[in-house]
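Biologist: I have a structure open and would like to learn how to read it. Could you take me through some features, one at a time?

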Amino acid sequence: MAAEASQPIETRLFINNEFRDSSDKTTFEVIYPYTKEVVANASLCRRRKRCRHRRQRSIPSMARSRHRRTCPYLRKLSELFLEANNDLARLETLSTGRPISQFMDAHMSSELFRYFADAAWNSQGTASTYNPGLLRALRRRGSDHPWNFPLANFSFKVAPALAAGNTVVLKSSEKAPLTCIYAAKLIQKAGFPPGVINIIAGYGNPTGAALAEHMAVRCISFTGSSLTGQKIQAAAAKSNMKHCHMELGGKSPAVVFEDADLEAAAIQTQFSIQFNSGQVCVANSRLYVQESVYDKFVALFREKFAAVTLGDPLDPTTTHGPQIDAAQYKRVQEYLANGQKDGSLTQGGDANNGFFVKPTIFEKVPEDSRLMREEVFGPVVTINTFKTEEEAVQKANDSEFGLYASVFTKDLDRAVRMSKALQAGTVGVNCTSPTNAKDGAFGGYKMSGNGREGMLYSIDNFLQLKTILIKSGQGSASPLLKS
Ligand code: NAD
């Protein structure tokens, strides 16, 4: 299937509601991972100065366009995302290699912008009548970006940040900038005031680092690897102590007990690690199966896991795409080699076909192996055994990550005990990732991040708590002062 897009692809930076080339006209290549063809040359923002000027100039327009004035633009953008569904699906597939059949992100974005248009009204404070003579009011008042779900992550960040009355500079991932730049066309069409949303593209260094250390940026909402998250937090601490909200990596466990519906558990857990070729932060990459049902479960898992269709991600019948690029493919290969040294590869492996890796199973991998402890970000699962509930909890929690964990059992008491004991921001009982609740709180324990995202939570990441004290009536403001 041809990789050419049906219309010219916008590749420029979006600053102050205008598309422009980078000042030194530098670009970087965006490659379709299936054919390795260059599909676009995107403008590369390298100038720290440009970032600063635009950011500072746009701040007043943010304040002017708060809530009531911002809501209609958010609603309009929500409609435009739906209209652009097909273009966005194609661009996302061209830049990430995710099968087009799995694209639901324009609808998700539309829903988020529609929700936050109205949720902006909820960012209210509280008043206290307790302190005599004083009325206390609370008013609560930056983004850097990964490549695996570029459009969805755009919306998770930008919609609540705008609803909270901020301006945004979004740096898209150098691996998948196209849908973010396309979204800029929709922003322009929706008629947002200039400077409210600025979209730049470039590498982590210097572009992302420039945002992280920038004195005019007051908040960074970052989704990406734990390593980069650490660098951003260090840069924030060294610059202006900007607030950092982090959604980071994972090594999520799924625990299958002998009383579980094994067929359902196999269907769900294999999809979790195969979806988007394993390039999903919440993918259950570690399975722990009770010894008594291990063989039965693994047989079911293998059968489902192998039933994928590798092929051109633009073909609607394809269900398994390549890794996003040469670097990611090489990274997975290294873990395949490591796994073969430490444990047994019992299914899948390198497809020896472009950047494809087959759905891959390793068994009997020691718990201290790199494959068990580090995030692979590929379709690679380890399946190990446990005997008792205590052992399952100990193994599942023995990780620096804590993004998502799941447990499969029909015993309600055990489900409750396990969901309390598992150290993860989200616990699925008889379900696993990518299952999630839009109005739930999403985020990580430990190295998987801090803060939470979700319809009811994201606005708080972009607001400050302020106490306003208004002296009223005859009462004394302080017990130390005579009225
Ligand atoms: P990454 O950390 O390599 O890059 C993410 C972004 O950070 C990119 O835009 C990159 O340019 C930028 N960056 C790199 N170095 C930087 C620096 N020094 N300063 C500022 N910015 C910098 O991650 P990735 O490979 O793009 O994405 C995959 C990772 O993201 C995985 O670890 C995955 O688990 C994680 N992820 C987490 C979630 C979540 O919600 N928790 C969601 C999606 C992806």
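Biologist: Let me begin with the sheet that holds β9, β10 and β20. In what order do the strands stand, and what is the pairing?

Modeller: This is a predicted model, and I will describe it as such. In general, strands of a sheet pair through backbone hydrogen bonds, and the pairing can be parallel or antiparallel. Here three strands make an open sheet, in the order β9-β10-β20, and the pairing is mixed. β9 (219-223) and β20 (449-450) are the edge strands; each has a single partner, so one side of each has no neighbour in the sheet.

Biologist: In which sense do β9 and β10 pair, and over how many bridges?

Modeller: β9 pairs with β10 (residues 243-247) in the parallel sense, over five bridges. Helix α5 (residues 150-163) lies across β9 and β10 and runs at about 155° to β9.

Biologist: Which way do the side chains of β9 point?

Modeller: As a rule, side chains in a regular strand alternate between the two faces of the sheet. In β9, Cys219, Ser221 and Thr223 point one way, while Ile220 and Phe222 point the other way. Five of the five residues of β9 are buried, and the strand is mostly covered.

Biologist: Which pairs show the parallel and the antiparallel sense?

Modeller: For the antiparallel sense, take β13 and β14 (residues 357-363), which pair over five bridges; Gly349 stands opposite Lys358 in β14. For the parallel sense, take β11 (residues 252-256) and β12, also paired over five bridges; there Val256 stands opposite Val289 in β12.

Biologist: Why is β12 described as largely enclosed?

Modeller: Seven of the seven residues of β12 (residues 284-290) are buried, so the rest of the structure largely encloses this strand.

Biologist: Where are the nonpolar side chains gathered, and which residues of the largest core touch the most other members?

Modeller: In soluble globular proteins, nonpolar side chains tend to be buried together. The largest nonpolar core here has 73 residues, and Phe81, Phe154, Phe192 and Ile199 touch the most other members. Helix α6 (residues 178-190) gives the most to this core, with nine residues. There is also a second, separate core of 29 residues, including Ala254, Val298, Ile361 and Phe408.

Biologist: How many salt bridges are there?

Modeller: The general idea is that side chains of opposite charge can pair when their charged atoms come close. The count in this model is 21 salt bridges. One of them joins Glu18 to Arg20, with the closest N and O atoms 2.6 Å apart. Glu18 is partly exposed, at 42% relative accessible area, whereas Arg20 is buried, at 17%. Another links Lys438 and Glu111 at 2.9 Å, N to O; Glu111 is partly exposed, at 25% relative accessibility.

Biologist: What does the salt bridge of Lys304 and Glu263 tie together?

Modeller: The closest N and O atoms of Lys304 and Glu263 are 2.9 Å apart. Lys304 lies in helix α10 (residues 294-306) and Glu263 in helix α9 (residues 262-274), so the pair ties together parts that are 41 residues apart in sequence. Lys304 is buried, with a relative accessible area of 18%, and Glu263 is partly exposed, at 38%.

Biologist: Which residues are linked in a network of salt bridges?

Modeller: Asp259, Glu389, Arg414 and Arg417 form such a network.

Biologist: What pLDDT does the protein average, and where is it below 50?

Modeller: Where pLDDT is low, the predicted coordinates should not be read in detail. The protein averages a pLDDT of 90, and 88% of the residues score at least 70. Over residues 51-65 the pLDDT is below 50, although this stretch has 32 contacts in the model beyond near neighbours in sequence.

Key. Residues are numbered from 1 along each chain as its sequence is written. This is a predicted model: local features need pLDDT of at least 70, side-chain atom pairs count only at pLDDT 80 or more; totals for chains, interfaces and linings use all residues. Side-chain values use heavy atoms; hydrogens and water are left out. Two strands pair if DSSP finds at least two bridges between them. Helices (H or I, at least four residues) and strands (E, at least two) are DSSP runs, numbered from the N terminus. Contact means heavy atoms within 4.5 Å. Axes are lines fitted to C-alpha atoms, for helices over the stretch in contact, and angles run from 0 to 180 degrees between N-to-C directions. pLDDT is the predictor's confidence in each residue, from 0 to 100. A salt bridge is a side-chain nitrogen of Lys or Arg within 4 Å of a carboxyl oxygen of Asp or Glu. Buried means under 20% relative accessible area, exposed over 50%, partly exposed in between (1.4 Å probe, protein chains only). A nonpolar core is a set of buried Ala, Val, Leu, Ile, Met, Phe, Trp, Tyr and Cys residues joined through side-chain atoms within 4.5 Å.
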